[in-house]
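Please look over the sequence and the model before reading on. The paragraphs below go from the whole chain down to single residues.

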Amino acid sequence: MGQENAGLLDGPDGIARCFWHGNLPDYLHYHDQEWGRPVADDRRLFEKICLEGFQSGLSWLTILRKRENFREAFANFDFDKVATFTDKDVERLLGNAGIIRHRGKIVSTINNARRAREMVDEFGSLAAWFWKFEPGSDERPEIVDLAHLRANPTTAVSVRISKELKKRGWSFVGPTTVYAFMQAMGLVNDHLEGCACRAEVEKERETFKRPK
């Protein structure tokens, strides 16, 4: 199978990676240094799930290039601070051309900050809650290839997390958004077979201390 059909793309350094970064420098850096690497920091987890919600209907590159603006607008995704935002803050954010000015998604982020605060009170951390859903080997494909990812924009686990979050009052957390979050925060390693980062990420996951 050719590189293109396998979903792989040679980078400027000649190394094969998942195709989706398109060799754009900022996207390539995100692919290599961040995507799929396990995260246990609550603020980073909250940022990731919120930005995946903002991404709905848009390209991730659009969100990535606005990420610093989002961080500035949402108190660096400190959910204790975001939970205190008021209607006045919503109007302020709707006037911020540096972010996605979608009222529903802005209101959702504030709501989800309050729900995150409740979850920390109950479970100790967001990380402890999310990592308990890590799929077992029996819930993962033997080989992660392009055909598998295209056929599975959601999984049984992402459906389960989505349902649990919605029960807890979270919004903009459908199964597809949740699966993108799972991929981004390293709950699964979906770097494609043949991507240079796949083995790196797998080693990182092996030594990663799961929060409890």
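Gly7 sits in the segment before β1, which covers residues 8-10. We return to this glycine after a view of the whole. The model is a predicted one.

The protein contains 12 helices and 2 strands. Along the sequence, the pattern is β-β-α-α-α-α-α-α-α-α-α-α-α-α. The radius of gyration is 17 Å, close to the 17 Å that the globule rule gives for 212 residues, so the protein is as compact as a globular protein of that length. Taken along the principal axes, the box filled by the C-alpha atoms is roughly 55 × 35 × 30 Å.

How is the chain packed inside this box? Among contacts between residues at least 6 apart in sequence, 64% join residues at least 24 apart. Of the 212 residues, 49% are buried. The accessible surface comes to about 10,500 Å², and carbon and sulfur atoms account for 50% of that area. As for charge, the protein has 32 positive and 32 negative side chains. The centres of these two sets lie 5 Å apart.

The largest nonpolar core has 53 residues, and Phe74, Ile161 and Leu165 touch the most other members. Which residues does Ile161 touch, leaving aside those up to four places away in sequence? The partners are Trp129, Phe130, Phe133, Val178, Met182 and Leu187.

Now back to Gly7. Is this residue buried or exposed? Buried means under 20% relative accessible area. Gly7 has a relative accessibility of 1%, so Gly7 counts as buried. Not counting residues up to four places away in sequence, Gly7 touches Arg17, Cys18, Phe19, Leu146 and Leu192. Gly7 can also be compared in position with Gly194: the two are 187 residues apart in sequence, while their C-alpha atoms are 9.1 Å apart in space.

Most residues other than glycine have a negative phi. Ala75 is not a glycine, yet its phi is positive, at about 50°. Asn76 is likewise not a glycine and has a positive phi of about 55°. Where is Ala75 placed? Ala75 is in the loop between α4, residues 67-73, and α5, residues 79-82. Asn76 lies in the loop between α4 and α5 as well. For accessibility, partly exposed is the range between the buried limit of 20% and the exposed limit of 50%. Ala75 has a relative accessible area of 24%, so Ala75 is partly exposed. Asn76, at 35% relative accessibility, also counts as partly exposed.

What does Arg117 touch, not counting residues up to four places away in sequence? It touches Phe79 and Asp80. Arg117 and Asp80 are 37 residues apart in sequence, and from C-alpha to C-alpha they are 6.6 Å apart in space.

Definitions and conventions. Residues are numbered from 1 along each chain as its sequence is written. This is a predicted model: local features need pLDDT of at least 70, side-chain atom pairs count only at pLDDT 80 or more; totals for chains, interfaces and linings use all residues. Side-chain values use heavy atoms; hydrogens and water are left out. Helices (H or I, at least four residues) and strands (E, at least two) are DSSP runs, numbered from the N terminus. The radius of gyration is taken over C-alpha atoms; the globule rule is 2.2 Å times the number of residues to the power 0.38. Buried means under 20% relative accessible area, exposed over 50%, partly exposed in between (1.4 Å probe, protein chains only). Contact means heavy atoms within 4.5 Å. Accessible areas come from the Shrake-Rupley method with a 1.4 Å probe; for residues, only the protein chains shown count as cover. Lys and Arg count as positive and Asp and Glu as negative; His and the chain ends are not counted. The place of a charge is taken as NZ of Lys, CZ of Arg, CG of Asp or CD of Glu. A nonpolar core is a set of buried Ala, Val, Leu, Ile, Met, Phe, Trp, Tyr and Cys residues joined through side-chain atoms within 4.5 Å.
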